[in-house]
Amino acid sequence: MQPMDSDHHFQYTFTNFSDDDQDYYDDAFSDDDCAIDDGADDSNVLVNRVNSTSDKSYQILKEDDLAQRYEEDIVKVTSVLSVSRDSACMLLVKYNWDVSKLHEAWFQDEGQVRGSVGLLDVDLSVKFPEYSEEKAVVDCGICFESVRVGDTATCGCDHRFCKVCWKSYVCTAVEDGPGCLTLRCPEPSCKAAVGPDMVRVLASENERKRYDLFLLRTYVESNKRVKWCPGPGCEYAVEYDDDFEIGSYDVSCNCKYGFCWKCMEDAHRPLDCETVGKWVLKNNAEAENTNWILAYTKPCPKCKRSIEKNHGCMHMTCRPPCGYEFCWLCLGPYNRHDGRACNGYAKEGGPVHEAERQRELAKKAIERYTHYYERWAANEKSRKQALTDLHKIETVDLKTLSLTYRQPETQLQFIIDAWLQIVECRRMLKWTYAYGYYIPKIEEAKKTFFEYVQGEAESGLERLHLCAEKELQTYIINEDKDITEEKFNCFRIKLTDLTKVTRKYFENLVRALENGLADVDSHEGAAGGSSSKVKARKGSDQGGESSRRGSDGAKRMRMMGTRRPMDDTHRHAAWMAGESSGND
């Protein structure tokens with residue numbers, strides 16, 4: 001992604017507004033101005049959604065697409081090496097479906113390749129003799145029963161086992177997992193392979209399907225550019241056509257599950273995989289439990305066991321076998337209180353003061369983490385609910401709206417676009433809270449700028465979500481039957497424009513975070529340089545106009561701490577300024 005122009009971005013962020021600016025949300029959506037541009041293509045609202053992956057590309061592969069691809073590899077092997085299809089499957093599994101590597105190894109030493117795979121050049125009739133003389137019997141090496149040769153099977157080696165034992169052996173292996181693809185002869189010392197041809201004869205229909213599925217999965221898992229979608233119950237795979245040097249790798253599967261193709265976590269743009277890994281680990285780590293224990297418990301002065309206060313008075317008694325009685329406040333022996341309060345201030349540096357200081361630090365750390373985690377979790381919950389609402393709208397509500405307002409469902413795509421935008425923005429907003437948690441405390445300017453841009457994006461999203469959720473319901477229910485097509489068309493304009501505005505807010509937010517909030521560094525540098533010039537010229541009274549211009553960046557950053565929140569008019573004007581600067 002191209003770096004964001006700092007002057008353009010600060011033009012968006014710090015535009016001065018006049019009192020004569022048009023009130024966007026009152027005037028643009030008034031009932032008196034509901035004309036619709038018939039030439040507008042509202043279905044393209046989300047063509048450039050903020051989850052786009054720039055010039056990178058990926059392809060969603062169905063099971064049929066994968067089967068076709070691995071069949072093509074099998075045909076290449078059978079035609080070049082002159083082996084059967086089943087033999088080609090075993091060879092490709094051994095060489096991780098790398099056709100070139102297999103060809104090279106085969107022509108270099110065919111015997112060594114056959115030996116490593118356990119591939120014997122025998123016909124199926126040898127493995128499963130159809131008939132034999134009645135007196136020709138052998139002892140099964142598993143159940144030790146004497147059976148006719150016609151009721152036995154072999155991998156092509158000299159080890160025969162009855163078909164009953166063979167079926168049990170193969171079926172158990174298939175049930176156990178992908179290891180059945182490299183199954184060998186039941187004789188421990190024998191390396192002959194049990195191929196797909198034997199599985200088809202010995203296994204049931206369900207087990208054969210499971211075996212074929214394992215073959216398909218090895219094809220995907222051996223391909224560096226193809227991965228399975230981790231969505232629950234999803235059977236799609238994703239092929240990504242790029243390296244892993246820079247950029248976002250968020251993928252949206254056909255099952256509507258979003259994930260990062262690189263780290264396989266939930267889609268997390270604009271965060272990098274490393275930060276996401278730290279956040280996920282922190283959410284699951286026992287360290288937070290340790291911090292809670294430190295913050296909300298105290299150690300018994302005698303046995304040092306952590307104790308949580310669960311009653312009102314300060315008289316604490318440790319559990320047996322310790323049984324020590326002490327004061328919760330001062331941790332001193334309770335029998336020495338003699339009815340006196342321990343309200344005296346402990347000298348700084350004493351043991352009680354140090355313990356209290358550690359507890360206070362732990363409480364602050366927990367409160368800070370809780371602040372970001374609650375908002376991270378709340379937006380994830382809201383995103384999941386939005387997906388549920390979207391499914392209901394697609395399957396039920398669109399038909400109702402189409403009949404009520406006599407519009408084809410294709411012209412109601414703006415509602416689907418709005419909900420898709422909500423789902424994506426909730427996901428990104430969720431991860432911005434993880435981003436904010438890891439901003440170093442010493443970078444106060446970055447934190448201030450981040451919270452400002454994040455707050456603007458979140459406010460825009462809340463307006464869009466409210467309109468798509470609450471206002472839409474009034475048009476769906478239409479209890480009084482007084483909502484006309486003209487009013488519905490006004491709603492259409494409003495929701496479409498809110499979708500565009502929200503997308504713009506999040507584009508600004510994503511660009512800022514993916515650039516590492518570089519605008520703050522650049523303006524801090526300008527402010528720092530001007531400050532040093534002022535110091536150098538302080539004695540000679542030559543500050544000049546250039547120094548005042550150089551400190552504009554620092555003034556702008558200070559403005560964010562004191563300026564009042566923008567109303568809807570100002571937000572729209574700011575967005576329009578960003579729009580125009582981006583088109584210059």
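Predicted model: local features only at pLDDT ≥ 70, side-chain atom pairs only at ≥ 80, totals over all residues.
1. Overall composition. The protein comprises 20 helices and 13 strands. Of its 584 residues, 42% are buried. Among contacts with a separation of 6 or more, 63% are between residues 24 or more positions apart.

2. Helix α4 (residues 85–94) is largely enclosed by the rest of the structure, because 8 of its 10 residues are buried. The buried residues of α4 are Asp86, Ser87, Ala88, Cys89, Met90, Leu91, Leu92 and Val93. Their cover includes α3 (63–81), α5, α6 (110–117), α9 (196–202) and α10. Just after α4, Asn96 adopts a positive phi of about 55 degrees.

3. Packing of α3 on α4. The axes of these two helices come within 9 Å and cross at roughly 110 degrees. The angle makes α3 roughly perpendicular to α4. From α3, the contact draws on Tyr70, Glu71, Asp73, Ile74, Val77, Thr78 and Leu81, and from α4 on Arg85, Ala88, Cys89, Leu91 and Leu92. By class, the residues of the contact of α3 with α4 are 8 nonpolar, 1 polar and 3 charged.

4. His103 in helix α5. His103 belongs to helix α5 (residues 99–108). With a relative accessible area of 17%, His103 is buried, since the cut-off is under 20%. Leaving aside residues up to four places away in sequence, His103 touches Lys76, Val77, Val80 and Leu81. Two of the residues named there, Val77 and Leu81, also take part in the contact of α3 with α4.

5. Packing of α8 on α10. Helix α8 (residues 163–176) and helix α10 (residues 205–221) have axes that come within 10 Å and cross at roughly 50 degrees. This angle makes α8 oblique to α10. The crossing of α8 past α10 is left-handed. On the α8 side the contact involves Cys171, Val174 and Glu175, which meet Glu207, Arg210, Tyr211 and Phe214 of α10. The residues of this contact comprise 4 nonpolar, no polar and 3 charged. Helix α10 also figures in the cover of the buried residues of α4.

6. Leu401 and its neighbours. Leu401 lies in helix α13 (residues 351–404). Its relative accessibility is 0%, and Leu401 therefore counts as buried. Not counting residues up to four places away in sequence, Leu401 touches Arg406, Leu412, Ile415, Leu472, Tyr475, Ile476 and Phe488. Of these, Tyr475 is 74 residues from Leu401 in sequence, with a C-alpha to C-alpha distance of 7.6 Å.

7. Arg406, one of the residues touched by Leu401, is placed in the loop between α13 and α14 (413–437). Its phi is near 50 degrees, a positive value in a residue other than glycine. Arg406 has 67% relative accessibility and so counts as exposed. Phe144, which is likewise not a glycine, has a positive phi of about 65 degrees. Phe144 is found in the loop between β2 (137–139) and β3 (146–148). At 66% relative accessibility, Phe144 counts as exposed.

8. Cis peptide bonds. Arg269 and Pro270 are joined by a cis peptide bond with omega of about 15 degrees. Pro270 is located in the loop between β9 (258–260) and α11 (273–284). The bond from Pro320 to Pro321 is also cis, with omega near 10 degrees. Pro321 falls in the loop between β12 (315–317) and β13 (325–327).

9. Aromatic pairs. Over the whole structure, a search finds 28 aromatic pairs. In one of them, the rings of Tyr324 and Phe326 have centres 6.0 Å apart and planes at 15 degrees, so the pair is stacked. Tyr324 counts as partly exposed at 21% relative accessibility, whereas Phe326 is buried with a relative accessible area of 0%. Elsewhere, one aromatic cluster is formed by Trp279, Tyr369, Tyr372, Tyr373, Trp376, Trp431, Tyr437 and Tyr438.

Key. Residues numbered from 1 in each chain as written. Heavy atoms only, no water. Axes fitted to C-alpha atoms, helices over the stretch in contact; angles between N-to-C directions. Helix = DSSP H or I, 4+ residues; strand = E, 2+ residues; numbered from the N terminus. Parallel < 35°, antiparallel > 145°, perpendicular 65-115°, else oblique. Left-handed = near helix turned anticlockwise from the far one by under 90°. Contact = heavy atoms within 4.5 Å. Nonpolar A, V, L, I, M, F, W, Y, C, P; charged D, E, K, R; others polar. Buried < 20%, exposed > 50% of the residue type's maximum accessible area, 1.4 Å probe, protein only. Phe/Tyr/Trp six-rings, centres within 6.5 Å; stacked < 30°, edge-to-face > 60°.
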